[in-house]
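Have the model open in your viewer, with selection by chain and residue number ready.

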Amino acid sequence: MEIWRLPISASQRGKLISAGYTTLSSLSSISSSDLARESKVSESEALDILKFASHSHSGGSEMSSGNCSIFEGAQNAWDMLHEEESLVHITTSSADLDNILGGGIHCKEVTEIGGVPGIGKTQLGIQIAVNVQIPHGFGGLGGKAIYIDTEGSFMVERALQIAEACIGDMSEYNRFIRKDFQACEIRMQPKDILGNIFYFRICSYTEQIALINYLDKFISEHKDVKVVVVDSVTFHFRQDFDDMALRTRVLSGMALKLMKLAKKFSLAVVLLNQVTTKHTEGSFQLALALGDSWSHTCTNRIVLYWNGNERYAYIDKSPSLRSASAAYSVTPRGIRNSSSSCKRIRMM
Amino acid sequence: MANKMISEIPLPKSIANVFAARNISTAKDALSLTEFELMELLDVGLTEVRSALSQISEIVAPPYQTALSLMEQRFQNEHLGGHFPTGLKGLDAALCGGIPFGVLTELVGPAGIGKTQFCLKLSLLASLPTNYGGLDGRVIYIDVESKFSSRRLLEIGLRSFPEIFQMKEMAQEMAGRIFVLRPSSLSEFTQSLQQIKVSLLQNQVKMLVIDSMAALVSGEHEQGVRRQQTLSWHISFIKSLAEFSRIPVVVTNQVRSQSHDEASQYSFQAQSRDGIVETPTRYDSHLVAALGIHWAHAVTTRLVLEAKSGQRFIKVAKSPISPPLAFPFHITSSGISLLSDEGMELMGPEINSIHCQGHNEIINFRMESLV
């Protein structure tokens with residue numbers, strides 16, 4: 001029964017069905033006053049119902065308009081290819097890591113990054129929040145960042161260090177590459193970089209949900225935000241929940257909203273996750289937290305892990321990238337390539 | 001903020017009434033439900049639910065600050081930009097000033113290595129006036145295993161700051177600022193925490209020490225999952241306490257031996273074809289920090305104290321600002337002190353491992369020298 005698809009309240013739906021209107025086509029040729037009389041709803045409600053019905057119905061009848069809007073809201077794959085090719089990335093400052101990521105963290109997508117404590121998740125989060133601000137002249141997005149801190153791990157001194165190193169790298173690039181051209185003066189100061197990071201501190205899961213709901217309005221007012229980092233998305237959901245089913249529903253609602261944000265504003269969403277132990281195949285293994293249903297919701301998933309003495313990143317899940325791992329290191333300047341030069345990238 | 005009453009939020013009258021009728025009184029209740037569930041429950045349309053949710057969310061969401069204003073605020077209002085110097089120069093330099101305010105710092109190590117000694121020194125330092133490098137405030141020391149020795153505390157004070165502690169009134173004043181609590185069970189601890197949270201600011205408490213966290217949990221009989229959950233509440237509570245009061249919180253933790261079926265790899269690591277580095281071989285004395293991985297995620301800074309080849313080291317195992325450095329230290333009558341301010345940088349997960357070799361000799365030797 002297509003009436004179920006309409007975003008109307010349960011009682012209105014009930015009245016329509018009991019009056020005999022079970023399909024959308026039955027609503028297509030009736031006037032609002034007749035509808036109001038027959039199903040005993042008010043005139044304004046009837047008008048709204050008809051508006052919803054015509055909205056969802058009109059998609060099916062325009063077969064003839066050659067280009068994109070055959071199905072309302074759909075886009076054909078050829079047009080999407082053009083969009084995907086012009087997709088922008090945010091560099092992680094480690095060339096190996098950028099390589100396996102296909103250029104960097106993708107905009108318009110949600111990327112989940114998880115790992116054991118001390119592996120460098122917050123470091124990567126801060127690096128991304130700084131790198132999104134690299135100006136267009138240096139191949140960056142020139143955007144701002146939102147950093148949502150649920151654990152208190154954001155350290156301003158570290159962000160300042162990374163910002164200084166980023167500007168240092170840009171000046172060096174200037175000197176080596178562009179010395180023949182009009183040097184693109186770096187007017188950015190480390191303090192400016194810090195000023196472009198919007199920091200939110202979350203103390204409970206309610207605040208987390210509220211903030212993610214509010215982000216739509218916030219980003220509409222700050223259109224140059226190009227990345228949202230949540231550090232970590234797990235913390236407030238690991239306790240406080242006796243009802244696991246509720247947790248799953250709330251988490252998937254949150255993930256959907258973030259995906260919508262990413263697509264609507266063409267920004268990247270980076271979610272940092274923690275690790276838990278899982279009993280599979282007779283042994284205990286490490287796995288990212290928040291359960292199996294959560295692992296379906298993110299578009300991309302990167303696991304940071306120790307391999308011998310090196311830190312590695314592994315692409316666990318991606319619609320377009322191959323499974324591969326690459327080494328990286330955490331230096332006083334931020335995330336950089338690993339210093340050992342042997343076989344850094346491995347395809348799985 | 002999460003428990004904000006719906007009645008206090010300016011929503012259109014009609015929907016506010018419906019919320020009340022359906023017993024959704026706090027923002028938490030409203031936000032825990034999905035849009036669809038709310039539509040079903042309240043019997044209103046999608047647009048109204050959406051607009052109500054967005055209004056509630058806007059009010060409940062915390063305000064933002066740019067990282068720049070955060071930094072300026074910290075440097076203006078807080079001691080050394082939010083750091084508490086420990087007096088161990090190399091460590092303070094690595095930690096960008098000292099133990100950070102507002103977050104948990106963990107001291108983990110085998111028994112007898114010096115965790116309580118470190119805590120005593122820190123408590124003493126915190127009580128000192130600011131011109132001596134202290135926080136000039138009160139310290140709450142939660143002593144679970146009854147290891148707090150005020151005699152030892154005063155001895156440390158006398159040796160390290162003789163000009164203060166030789167005067168009886170000053171010694172009394174400083175020692176009088178350290179309040180020791182001895183909870184005998186987890187529930188007593190919970191109660192004490194709640195009381196502390198309420199009276200923290202007005203009593204000018206500048207530091208909280210919990211020695212040790214692991215002892216609280218191991219005393220309880222609940223096993224496995226339930227134990228994890230009881231601890232979760234405390235972790236969350238202590239973190240929020242640290243956060244809102246902006247004080248350094250130091251927690252000590254015990255070690256336990258690594259069990260055979262310990263999880264150490266991801267599923268994709270076990271599957272890879274070409275032989276990469278195999279599982280690190282397990283030594284008999286392979287120790288890990290107690291309290292599990294959830295706790296390990298919750299602490300912001302982890303300092304590992306260990307003994308290796310007859311020498312004690314304090315290692316910065318997890319820190320947002322410091323590279324993985326190890327400093328050799330020893331314990332004298334004036335407390336803990338570093339043998340070298342130049343830390344050795346350790347590679348890889350080595351920084352997290354806890355050694356306990358050649359330890360017994362150290363204890364015996366030191367006990368004699370302390371007498």
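Patches are made of residues with over 30% relative accessible area and no salt bridge, where like charges are joined within 9 Å and nonpolar side chains (Val, Leu, Ile, Met, Phe, Trp, Tyr) within 5 Å. A salt bridge here is a side-chain nitrogen of Lys or Arg within 4 Å of a carboxyl oxygen of Asp or Glu. Accessible areas come from the Shrake-Rupley method with a 1.4 Å probe, and for residues only the protein chains shown count as cover.

This is a predicted model, in which local features need pLDDT of at least 70 and side-chain atom pairs count only at pLDDT 80 or more, while totals for chains, interfaces and linings use all residues. Residues are numbered from 1 along each chain as its sequence is written, chains are lettered from A and ligands numbered from 1 in the order written, and side-chain values use heavy atoms, without hydrogens and water.

Select A:Tyr173, A:Phe176 and A:Ile177: they make a nonpolar surface patch of about 330 Å². A:Tyr173 lies in helix α7 (residues 156-177) of chain A; helices are DSSP runs of H or I with at least four residues, strands runs of E with at least two, numbered from the N terminus.

Next, show all of chain A, which has 11 helices and 14 strands. Chain A exposes about 15,400 Å², 54% of it from carbon and sulfur atoms.

Move to chain B, with 16 helices and 15 strands. Finally, colour domain 1 (6-60) and domain 2 (76-258 + 282-351) of chain B; such bounds come from an automatic or database domain assignment. The centres of these two domains of chain B, taken over C-alpha atoms, are 44 Å apart.
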